[in-house]
Amino acid sequence: MDDEYAKLIRRMNPPRVVIDNETLDDATIIQVDSVNKHGILLEVVQVLADVNLVIIKAYISSDGGWFMDVFNVVDRDGNKIRDKEVLNYIQVRLESNDGSAPSVRESVGVMPSEEHTSIELSGTDRPGLLSEMCAVLADLHCNVVNAEIWTHNARAAAVVHVTDDSTGCAINDPKRLLTIKELLCNVLKGNNDLKAAKMSLSAPGGTNRDRRLHQIMFADRDYERNEREEKGSRPHITVLDCIQKDYTVITMRSKDRPKLLFDIICTLTDMQYVVFHGMVSTGRKEAYQEFYIRHVDGLPIGSEAERERVMQCLEAAIERRASEGLELQLCTDDRTGLLSDITRIFRENSLCIKRAEISTKDKKVKDTFYVTDVAGNPADPNLIDSIRRQIGPSALQVKYNAASLAQKPPQETTMGFLFGSFFSARTFQNFKLIRSYS
């Protein structure tokens with residue numbers, strides 16, 4: 001009955017989206033008001049991520065029965081959003097009242113949909129892994145049409161969409177699917193891998209691909225880190241108890257990048273935490289995020305083990321998509337075995353692929369690879385030039401990630417500045433410092 005009543009309230013109060021391109025000179029303001037429900041913040045942030053918007057500031061409030069968020073956004077070039085098609089997509093998606101956040105799926109594997117076969121897998125990362133996977137798929141007459149591959153903390157995860165290279169359709173033969181599964185699992189098994197490669201049947205569609213990658217790596221426990229590992233430029237994460245209002249307060253400072261907020265909210269949502277208040281501020285390639293959270297049962301973080309796990313998982317969420325290595329972009333005509341040939345050339349020249357995004361549209365490929373040498377150091381420019389001559393200088397371009405968004409630096413803040421009078425009676429004793437990562 002409570003569920004039906006909640007649905008009735010949402011139908012009577014559909015989400016309202018206001019897009020303002022006049023108030024600010026350097027950003028588009030998107031304001032979303034809606035009846036509150038678990039997962040709604042992730043839905044909103046996912047829509048903005050789907051159209052590649054960069055969130056430079058955000059103010060989040062969902063305490064009580066209403067959800068009110070404001071996002072200042074720009075495109076990847078740092079400009080306001082003028083494209084009417086993009087603005088209309090945002091308006092329609094966010095104001096639709098029949099969607100709900102997809103549930104977490106626990107399995108990883110392979111399953112055909114109408115247009116392609118979706119392969120989800122995880123295993124131990126090593127140099128040449130993607131090349132070996134692509135070679136197996138090419139030998140099995142599978143054409144990779146879209147894929148995303150992440151590596152983090154010696155683990156690898158991928159979501160790959162393939163078709164039959166002769167028909168261009170999904171692969172439905174159970175025996176052939178079993179062969180694909182067995183051969184790819186053999187490739188994923190490392191010589192000294194204590195964690196088994198994972199690949200099993202799972203339902204197609206539903207969950208966003210990026211969210212699915214987070215879920216796969218989380219299930220693979222990639223957030224567990226060797227204590228002796230150097231900290232380097234790891235994110236700075238602090239957890240405090242807000243005793244006065246019964247929240248757990250999480251603050252994060254890290255390098256800014258596209259989809260950072262999505263990755264954080266995705267992880268918190270899948271870990272069954274709710275963000276009641278929050279703010280995001282970015283500038284000079286740094287992002288500051290502050291969230292007031294509770295578990296879905298209404299309680300703040302209550303144990304040291306839980307705090308430790310939350311901090312580890314948020315650090316992993318920030319790092320998984322970090323652009324480690326030199327960015328190479330391949331734009332050329334699609335053909336059977338192309339991805340296998342390209343990744344083989346990388347492997348033969350001792351390049352290690354840290355992350356990859358593969359896409360095909362209208363028989364054209366646009367693939368992005370982030371590469372280092374096998375030791376994780378920057379790739380030799382002379383070697384890159386040699387590889388470009390081998391593949392074709394016009395087809396393989398080096399993308400330099402120099403200054404992209406000229407933004408003001410985030411202001412130095414003290415904890416709890418977001419709410420003004422909400423914490424007006426707060427003293428420092430209201431917060432208990434638990435632990436921080438840096």
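Student: Over how many bridges do β9 and β10 pair?
Tutor: This is a predicted model, in which local features need pLDDT of at least 70, side-chain atom pairs count only at pLDDT 80 or more, and totals for chains, interfaces and linings use all residues. Residues are numbered from 1 along each chain as its sequence is written, and side-chain values use heavy atoms, with hydrogens and water left out. Strands are DSSP runs of E, at least two residues, and helices are runs of H or I, at least four, both numbered from the N terminus; two strands pair if DSSP finds at least two bridges between them. Strand β9 (residues 236-242) runs antiparallel to β10, and the bridges number 7.

Student: Which residue in the turn of the β9 and β10 hairpin has a positive phi?
Tutor: The hairpin leaves 4 residues between its strands. Within that turn, a phi of about 60 degrees belongs to D246.

Student: Which residue of β12 is the bridge partner of V249?
Tutor: β10 is also joined to strand β12 (residues 286-295), antiparallel, by 8 bridges. In β12, V249 has as its partner Y292.

Student: How many residues of β10 are buried?
Tutor: Buried means under 20% relative accessible area, exposed over 50%, and partly exposed in between (1.4 Å probe, protein chains only). β10 is mostly covered. Of its 9 residues, the buried ones number 7.

Student: Why is strand β2 called largely enclosed by the rest of the structure?
Tutor: β2 covers residues 28-35. It is largely enclosed because the buried residues number 7 of the 8.

Student: Which residue of β4 is the bridge partner of I29?
Tutor: β2 pairs with strand β1 (residues 16-20) in the antiparallel sense over 5 bridges; there, R16 partners D33. Strand β4 (residues 66-74) is joined to β2 by 8 bridges, also antiparallel. In β4, the partner of I29 is N72.
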